[in-house]
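These exercises walk through a few local features of one structure. Try each task before reading its solution.

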Amino acid sequence: MAELEIIGGPRSNFVWVTRIVCAEKGVPYTLNPAMPHTADVDAIHPFGKIPVMRHGAVTLAESRAICSYIDRVFEGPSLVPSDPVAAGEVEQWISIICTHIDPLWLRQYLAAYVFPGTADGSPDRTRIDTAIPKMAPQFAVMDRAIAKTGQLVGTSFTLADAYFTPILHYMSTRPESSALLQSTAHLPAYLDRQLARKSVHESMPQGNPGTPVR
Ligand SMILES: N[C@@H](CCC(=O)N[C@@H](CS)C(=O)NCC(=O)O)C(=O)O
């Protein structure tokens, strides 16, 4: 079978998700660490975002589509349960994470540190200070979500946890978000458990954590 190529800088939380899926299924791949809006990426994603994927003649953009393809094409355990209710719950949390959590926690808050756009390169305090009050209730939501079983869906690691873990990890790298994380009852231990998982820690980006997440 053709070699699978994951294209995208490894510090992207969405690239990290696709690598967790490959590791969980035991699928070999090469990582092309291309950044957004570069030629290899623009050739596949209509808006130049990472990750994108190439597998023989097949190219795909968008992490959820890539994860679905890998899950269906390759052998190995699936991170989406076969039970329709549980599968629906996994998709529900992935959607919530992508549409509510990621835009605020990473694109607004963390990006204000990493890509501040300020004249002197210092963190954009306005973006940070307006994000934090909105993030607090979301941390409470996510804490409640994992309170019952210790995972987002059911009792085992699913694709929903694979989407949430990189984001939560990045939250542990900045002061205000780390304080929010530590103030919750269940999320710190949850994060430690997910990071200890082989697929997660072996695919963890090296270098300064939380740096290029756009
Ligand atoms: N919905 C996309 C989101 C991908 C995304 O936002 N990737 C970021 C890196 S983490 C990116 O490429 N940002 C560049 C940009 O928005 O221009 C997915 O799930 O793959």
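**Exercise 1.** What volume does the second largest pocket have? Then describe its lining.

Solution. The model is a predicted one.
Step 1: the volume of the second largest pocket is about 160 Å³.
Step 2: this pocket is lined by 13 residues, and S78, P81, S156, F157 and T158 are the closest to its centre.
Step 3: sorted by class, the lining of the second largest pocket holds six nonpolar, five polar and two charged residues.

**Exercise 2.** How many salt bridges does a search of the whole structure find? Take the pair R107 and D102 and classify each residue by its accessibility.

Solution. Step 1: the search of the whole structure gives eight salt bridges.
Step 2: in general, side chains of opposite charge can pair when their charged atoms come close.
Step 3: in the salt bridge between R107 and D102, the closest N and O atoms are 2.8 Å apart.
Step 4: buried means under 20% relative accessible area, exposed means over 50%, and partly exposed lies in between.
Step 5: R107 has 30% relative accessibility, so R107 is partly exposed.
Step 6: D102 has a relative accessible area of 4%, so D102 is buried.

**Exercise 3.** Which parts of the chain does the pair R125 and E176 link?

Solution. Step 1: R125 and E176 form a salt bridge through their side chains, at 2.9 Å from N to O.
Step 2: this pair links distant parts of the chain, with R125 in helix 5 (residues 125-147) and E176 in helix 7 (residues 175-183), 51 residues apart.
Step 3: R125 counts as partly exposed because its relative accessibility is 39%.
Step 4: a network of salt bridges links R125, D129 and E176.

**Exercise 4.** Where do K198 and E202 lie, and is K198 buried or exposed?

Solution. Step 1: K198 and E202 are joined by a salt bridge whose closest N and O atoms are 3.4 Å apart.
Step 2: both residues lie in helix 9 (residues 198-202), and they are four residues apart, about one turn of the helix.
Step 3: K198 has 55% relative accessibility, so K198 counts as exposed.

**Exercise 5.** Which residues is Q138 in contact with, leaving aside its neighbours within four places in sequence?

Solution. Step 1: Q138 is located in helix 5.
Step 2: Q138 counts as buried because its relative accessibility is 18%.
Step 3: with neighbours within four places in sequence left aside, Q138 is in contact with H100, I101, L104 and W105.

Technical notes. Residues numbered from 1 in each chain as written. Predicted model: local features only at pLDDT ≥ 70, side-chain atom pairs only at ≥ 80, totals over all residues. Heavy atoms only, no water. Salt bridge = Lys/Arg side-chain N within 4 Å of Asp/Glu carboxyl O. Buried < 20%, exposed > 50% of the residue type's maximum accessible area, 1.4 Å probe, protein only. Helix = DSSP H or I, 4+ residues; strand = E, 2+ residues; numbered from the N terminus. 1 Å grid on protein atoms, 1.4 Å probe; cavity = no way out; pocket = protein on both sides within 12 Å on 5 of 7 lines; lining within 4 Å. Points joined across faces, edges and corners; volume = space filled by probe spheres on them. Nonpolar A, V, L, I, M, F, W, Y, C, P; charged D, E, K, R; others polar. Contact = heavy atoms within 4.5 Å.
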